[in-house]
Amino acid sequence: MIRPADEAAIAEAARLLRAGELVGIPTETVYGLAGDATNADAIARLYAAKGRPPHNPLIIHFDSAEAAFRHGEANALAETLAKAFWPGPLTMVLAKRIDSPVVPAATAGLDTIGLRVPATPVAAKLFAAAGVPVAAPSANLSNQISPTTAQHVADGLGDKVALILDAGPCAVGVESTVVGVSGDRPVLLRPGGVSAEDIERVVGPLDRPEAGATITSPGMLKRHYAPATRVRLNATEVAADEALLAFGPALTGAKATANLSPARNLGEAAANLYAMLHALDRVDAAAIAVMPIPEDGLGRAINDRLRRAATAADESC
Ligand code: TXA
Ligand code: MG
């Protein structure tokens, strides 16, 4: 089921994708649940496997900007962003081209399409070998924690995939930044692996919809990425029955502790985030207490995921 991502396994994964099967794939952000975006039956099974609501569109993956822009209308802004950040953890939402063979269900019937060119060589080789646009949401059940190892994928979706390609733990560890590029100003739809600051250095100010504003991207749903255990944010002390997710010098006295980055490095913290949430969720603690994390650079994506994880289930939408 899990296979090291060597040439033979990549070729097999490409064959499975073309045959309409679902495959677990590594990217630099998180592992994806991949399916052929031109195959309506594969896309229907992909939504079913995740328990994903049909109104939440998928990101479509390619091995080059040129291939991606065959499916979305590239404007000058999109070209600039592609040069600066592809391959890499950036997804652009563009007007979908009417001649794109990506099936409507993959984009939730929208007239826009989310395009991404991941930096992981295994992913690029797979997309080139498959020769089809590849839909790949994070390979977790809807509303659960995203996977950053092949084993996480096997634990959550093992019976739903034909094969999981293993290329080790994901280097970035949080999902791609999603930017809407179909208008004249870029809009930050989801903070992620490329910081908003880095994007603004290249294209100027991003529009940032306020939390609670009209949902322009279904990934902005309040509750998402949640462990089963309650999550308590900005902890400055910790109880003996709690698990601690530390950042910097750790508080003492917790039932169990995982440290995102003892040296307060946000890149290291992002890479550790989901694996440590997975691990602390298994401790059987009263809550996962999370120490404060600075709201800049990758800290924005980390805090975004933690806030969603902390939103009570009855507030989900
Ligand atoms: O890093 C990532 O992006 C990972 C890896 C596997 O590539 N994929 C991922 O996919 O996070 P998913 O399905 O878990 O999240 C896709 C996000 C959702 O927030 C979705 O609403 C948004 O992208 N999205 C996709 N297409 C869109 C569109 N046409 N308009 C607005 N938002 C879109
Ligand atoms: Mg996801």
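Visitor: Is A279 buried, exposed or partly exposed, and what is its relative accessible area?

Guide: Buried means under 20% relative accessible area, exposed means over 50%, and partly exposed lies in between, with a 1.4 Å probe and protein chains only. A279 is partly exposed, with a relative accessible area of 35%, and A279 is found in helix α8, where helices (H or I, at least four residues) and strands (E, at least two) are DSSP runs numbered from the N terminus. Please keep in mind that this is a predicted model, in which local features need pLDDT of at least 70 and side-chain atom pairs count only at pLDDT 80 or more, while totals for chains, interfaces and linings use all residues. Residues are numbered from 1 along each chain as its sequence is written, chains are lettered from A and ligands numbered from 1 in the order in which they are written, and side-chain values use heavy atoms, with hydrogens and water left out.

Visitor: Which residues of helix α6 are buried, and how should I read their arrangement?

Guide: An α-helix has 3.6 residues a turn, so residues three or four places apart point the same way. In α6, which covers residues 150-157, the buried residues are A150, H152, V153 and L157. Seen down the axis of α6, they fall within an arc of 155 degrees, so they line one face of the helix; the arc is that of the directions from the helix axis to the C-beta atoms. Among the elements that these buried residues pack against are β1 (2-4), β3 (32-36) and α8 (266-281).

Visitor: In which sense do strands β4 and β7 pair?

Guide: Strands of a sheet pair through backbone hydrogen bonds, either parallel or antiparallel. Here two strands count as paired if DSSP finds at least two bridges between them. Strand β4 (residues 59-61) and strand β7 (residues 134-135) pair in the antiparallel sense over two bridges, and the bridge partner of I60 in β7 is A135.

Visitor: How many aromatic pairs does the structure hold, and how is such a pair described?

Guide: A pair of aromatic rings is described by the distance of the centres and the angle of the planes. Rings of Phe, Tyr and Trp (its six-membered ring) pair if their centres lie within 6.5 Å, and planes under 30 degrees apart count as stacked, over 60 as edge-to-face and the rest as tilted. The structure holds one aromatic pair: the rings of F69 and W86 have their centres 5.5 Å apart and their planes at 35 degrees, so the pair is tilted. Both F69 and W86 are buried.

Note on methods
Contact means heavy atoms within 4.5 Å.
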